[in-house]
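Please look at the structure below. The report that follows goes from single residues to the protein as a whole.

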Amino acid sequence: MTHGIDERKRWLALIVLCLGVLMIVLDTTIVNVALPSIQADLGFTETSLVWVVNAYMLTFGGCLLLGGRLGDLFGHRKLFLLGLTLFTLASAACGLANSQGLLITARAVQGLGGAVVSAVSLSLIMNLFTSPADRAKAMGIYGFVCAGGGSIGVLLGGLLTSTLSWHWIFLVNLPIGVAVYAACVALLPAGKPLADRTKLDVAGAIAVTASLMLAVYAVVHGNEAGWTSTQTLTQLGIAIALMIAFLIIESRVSHPLMPLHMFALRNVATANLVGVLWAAAMFAWFFISALYMQRVLDYSAMQVGLAFLPANIIMAVFSLGLSAKLVMRFGIRAPLSLGLLVAAVGLVLFARAPAGGSFVLDVLPGMLLLGLGAGVAFNPVLLAAMSDVAPDESGLASGVVNTSFMMGGALGLAILASLAAARTEGLTAAGADATTALNGGYHLAFLLGAVAALLASVLAGVFVRTRTHGAAQGEASSAAPI
């Protein structure tokens, strides 16, 4: 028994929570396959179309910290249901949108709801499963959903867009959202707020959210405006100034949004830095490999989705089984470092894929290694980020690590895509044909992604504090909420 919930209900609650998280993860990628249809239907230009994706990413990444802290203040279950409701209603608005403005606005609201759900879901799972063995298994399932959901989104997006219309990539969330809400009400304990709700750090919340959103905006538009342009440099300068203001606020207020002492905890600080680097590598793999298959190998949207299935299967096998066993046997450090190293090797394989490559020789090996690396590493990095924090800061720790993933992915992808485009332009100017130049740009992005994953592996191997089997149990027990 845990929090008055019997064993069967705990695992049912986990499944329901993961379904809610899966909706959020899917929506970060499912829209990409449908963008041409959305553009033709609503009359987007090439420049304005990017906001269908960026409106979601900006609000999602910018509000994760605030969502995690609100969960601590007002109760994780209550915030999860509120975020789920917001996300589901925004999905309905997206699906029924008949204008550019309505779709972009609804996507921004979707990002806000998704941020709240993502920030508090990990805390709910950590509170439900307090024994080391059960927690490792639960985190393995959660890790698989997070790591594999993006790939599933490409397949589902292609299927719904080709058989029905782009509207259904959003409308499919409605029955799922309603079902998850009803199941959560029935299965999750009401819980109690873990902090004084009158002491929300409003100034800190505004400063950090504005800083993160402005930084993402500046990087996403760096290619278009120019990386050394007055606009980009001014935006990045303001974002840095806001972050400095946030740190000053956090050092002075009595109840900060993000207690700076948290980063004195070695595992927390290292896990978040590793999360930034790993997310940059994984986003590069996912998006750039999809572009490689579409624009170089001439795959259709459905073929691209099917090409990711081997990675999904590998992630399922290792994330649901082997990863949890490895953590219980060897602690956090070794599986995390090894998984990131395997992912780096997979990216190196993609960095040598030729313009006339085949699936079996040039795509499948990298997919298998990246699926294996993600399946092994995702569980340990989340456990490392959550293991050392106090119970009343679990929602905050969840928000911090999710923010690290989202910001690392968004910023890393924008930078790598920019460098890939510059490389392609350089090769074209040197006389290379279009396909060769394009592939050369992708090679650079994959190689830099491999470097990021390798650096994350080294940091994890050197700085993450590990435990033997028995000590790991003690650590997990001491970290569990009372």
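F170 is buried, with a relative accessible area of 0%. Buried means under 20% relative accessible area, exposed means over 50%, and partly exposed lies in between, with a 1.4 Å probe and protein chains only. W166 also counts as buried, at 4% relative accessibility.

This is a predicted model, in which local features need pLDDT of at least 70 and side-chain atom pairs count only at pLDDT 80 or more, while totals for chains, interfaces and linings use all residues. Residues are numbered from 1 along each chain as its sequence is written, and side-chain values use heavy atoms, with hydrogens and water left out.

**Rings and charges**

How many aromatic pairs does a search of the whole structure find? The search finds four. The rings of W166 and F170 form an edge-to-face pair, because their planes stand at 85° and their centres are 6.3 Å apart. Rings of Phe, Tyr and Trp (its six-membered ring) pair if their centres lie within 6.5 Å; planes under 30 degrees apart count as stacked, over 60 as edge-to-face and the rest as tilted. A pair of aromatic rings is described by the distance of the centres and the angle of the planes.

A ring also takes part in a contact of another kind at F330: the charged end of R329 sits over the ring of F330, 4.9 Å from its centre. A charge sits over a ring if NZ of Lys or CZ of Arg is within 6 Å of the ring centre and within 35 degrees of the ring normal.

The structure holds one salt bridge, a term for a side-chain nitrogen of Lys or Arg within 4 Å of a carboxyl oxygen of Asp or Glu. The side chains that meet in this bridge are those of R352 and D362, at 3.1 Å from N to O. R352 lies in the loop between α16 (333-350) and α17 (359-387), and D362 lies in helix α17, so the pair ties together parts that are 10 residues apart in sequence. R352 counts as partly exposed, at 45% relative accessibility, whereas D362 is buried, at 8%.

**The loop between α13 and α14**

D298 lies in the loop between α13 (266-296) and α14 (301-307). D298 has a positive phi of about 65° although it is not a glycine. Is D298 buried or exposed? D298 is exposed, with a relative accessible area of 64%. S300 lies in the loop between α13 and α14 as well, and S300 is partly exposed at 35%.

**Pairs separated along the chain**

A183 lies in helix α9, and A186 is found in helix α9 too, which covers residues 173-187. A183 counts as partly exposed, at 21% relative accessibility, while A186 counts as exposed, at 56%. T428 is found in helix α18 (residues 394-429) and counts as partly exposed, at 45%.

| Pair | Separation in sequence | C-alpha distance |
|---|---|---|
| A186 and A13 | 173 residues | 8.9 Å |
| A183 and L12 | 171 residues | 8.9 Å |
| S300 and G158 | 142 residues | 8.8 Å |
| T428 and G440 | 12 residues | 9.9 Å |

**The whole protein**

The secondary structure comes to 20 helices and zero strands. Helices (H or I, at least four residues) and strands (E, at least two) are DSSP runs, numbered from the N terminus. Of the 482 residues of the protein, 56% count as buried. The accessible surface comes to about 18,300 Å², and 71% of it belongs to carbon and sulfur atoms. Accessible areas come from the Shrake-Rupley method with a 1.4 Å probe; for residues, only the protein chains shown count as cover.

Contact means heavy atoms within 4.5 Å. Of the contacts in the protein with a separation of 6 or more, 83% are between residues 24 or more positions apart.

The mean pLDDT of the protein is 80, and 88% of its residues reach 70 or more. pLDDT is the predictor's confidence in each residue, from 0 to 100. Where does pLDDT stay under 50? This is the case over residues 468-482, for which the model has 26 contacts beyond four places in sequence. Where pLDDT is low, the predicted coordinates should not be read in detail.
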